[in-house]
Amino acid sequence: MIASVRGMVTATGPDHAVIEVGGVGLAVQCAPGTIADLRVGQPARLATSLVVREDSLTLYGFADDDAKSLFELLQTASGVGPRLAQAVLAVHTPDAVRKAIANADTAALTRVPGIGKKGAERLVLELRDRIGPVPVGVDGAAGVTGGAWPEQVRQALIGLGWTAGQADQAVAAVAETVDGATPPVPVLLKQAIRLLGRTR
């Protein structure tokens, strides 16, 4: 089990980063918010979870151990695999996920691509008693920092499974609604996901 990796970031993509550890480049699947905080040529530490399948070994990376623990817990719910668990953490912070499950907020959970009403209800039913303490006054989605917001939102959407064309259309539609001060990136990302949800 690889619990964490520390080393130089040698490359990043929409849904992964390559961290060089002891001369070996490890490809680590990450949510867009995690990738946004990594810089090529700079050292980084990621908490990791190794998912073993018959035909693959996939390493998933997280900014901290809390996100990793929640990623692993989400997969204990029926119908939730690593991709969907990572999509949850791409849309919501770990604290926001805990709050949504503890409060049976299925509307928040269905904002995640791939989770419908029944799936959200199943998450609440199966994980409510195991989600851990819920901080008070938590809201918002996962933060994405650095760079211009259209590119951040576009990369986040591609990382969540939409095509580049769909992502471009959603970003253009969201851009038309921005008037004056630009809202935080998580708010814009949620808006784009809502728009794409209608076109699926």
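Okay, a definition before anything else: a residue is buried under 20% relative accessible area, exposed over 50%, and partly exposed in between, with a 1.4 Å probe and protein chains only. Asp66, for instance, comes out partly exposed at 33% relative accessibility. Hold on to Asp66, as we'll come back to that residue.

Some housekeeping. This is a predicted model, where local features need pLDDT of at least 70 and side-chain atom pairs count only at pLDDT 80 or more, while totals for chains, interfaces and linings use all residues. Residues are numbered from 1 along each chain as its sequence is written, and side-chain values use heavy atoms, with hydrogens and water left out.

So, what's in the chain? Nine helices and five strands; these are DSSP runs numbered from the N terminus, H or I of at least four residues for helices, E of at least two for strands. Reading from the N terminus, the order goes β-β-β-α-β-β-α-α-α-α-α-α-α-α. The radius of gyration is 17 Å, close to the 16 Å the globule rule gives for 200 residues, so the chain is as compact as a globular protein of that length. That radius is taken over C-alpha atoms, and the rule is 2.2 Å times the number of residues to the power 0.38. Along the principal axes, the C-alpha trace spans about 45 × 40 × 35 Å.

Of the 200 residues, 42% are buried. The chain exposes about 10,000 Å², with carbon and sulfur atoms supplying 53% of that area; this is the Shrake-Rupley method with a 1.4 Å probe, and for residues only the protein chains shown count as cover. As for contacts, meaning heavy atoms within 4.5 Å, take the ones between residues at least 6 apart in sequence: 56% of them join residues at least 24 apart.

Now the sheet. In what order do the five strands close into a barrel? The order is β1-β2-β3-β5-β4, and the pairing is mixed. Two strands count as paired if DSSP finds at least two bridges between them. As a reminder, strands of a sheet pair through backbone hydrogen bonds, either parallel or antiparallel.

Strand β1, residues 4-12, runs antiparallel to β2, residues 16-21, with four bridges joining them. A hairpin of three residues connects the two, and Thr12 sits opposite Ala17 in β2. On to β3, residues 24-30: this strand is antiparallel to β2, through six bridges. Ala17 turns up again here, with Val28 as its bridge partner in β3. Likewise, His16 stands opposite Gln29, and Val21 has Val24 as its partner. The β2-β3 hairpin has two residues between the strands, and Gly22 in that hairpin takes a positive phi near 60 degrees.

Helix α3, residues 82-91, touches β3, β4 and β5, and its direction makes about 10 degrees with that of β5. For those angles, axes are lines fitted to C-alpha atoms, for helices over the stretch in contact, and angles run from 0 to 180 degrees between N-to-C directions.

Last topic, salt bridges: a side-chain nitrogen of Lys or Arg within 4 Å of a carboxyl oxygen of Asp or Glu. How many do we get by this rule? Five.

One of them pairs Arg45 with Asp65, closest N and O atoms 3.6 Å apart. That one links distant parts of the chain, Arg45 being in strand β4 (43-53) and Asp65 in helix α2 (65-74), 20 residues apart. Both ends are partly exposed, Arg45 at 34% and Asp65 at 41%.

And here's Asp66 again, meeting Arg98 in a salt bridge at 2.6 Å, N to O. This pair also connects distant parts, Asp66 in α2 and Arg98 in α4 (94-102), 32 residues apart. Is Arg98 buried or exposed? Arg98 counts as buried, at 10% relative accessibility.

Arg98 bridges to Asp95 as well, with closest N and O atoms 3.6 Å apart. Those two both lie in α4, three residues apart, about one turn of the helix. Asp95 is partly exposed at 28%. Through shared partners, Asp66, Asp95 and Arg98 join into one network.
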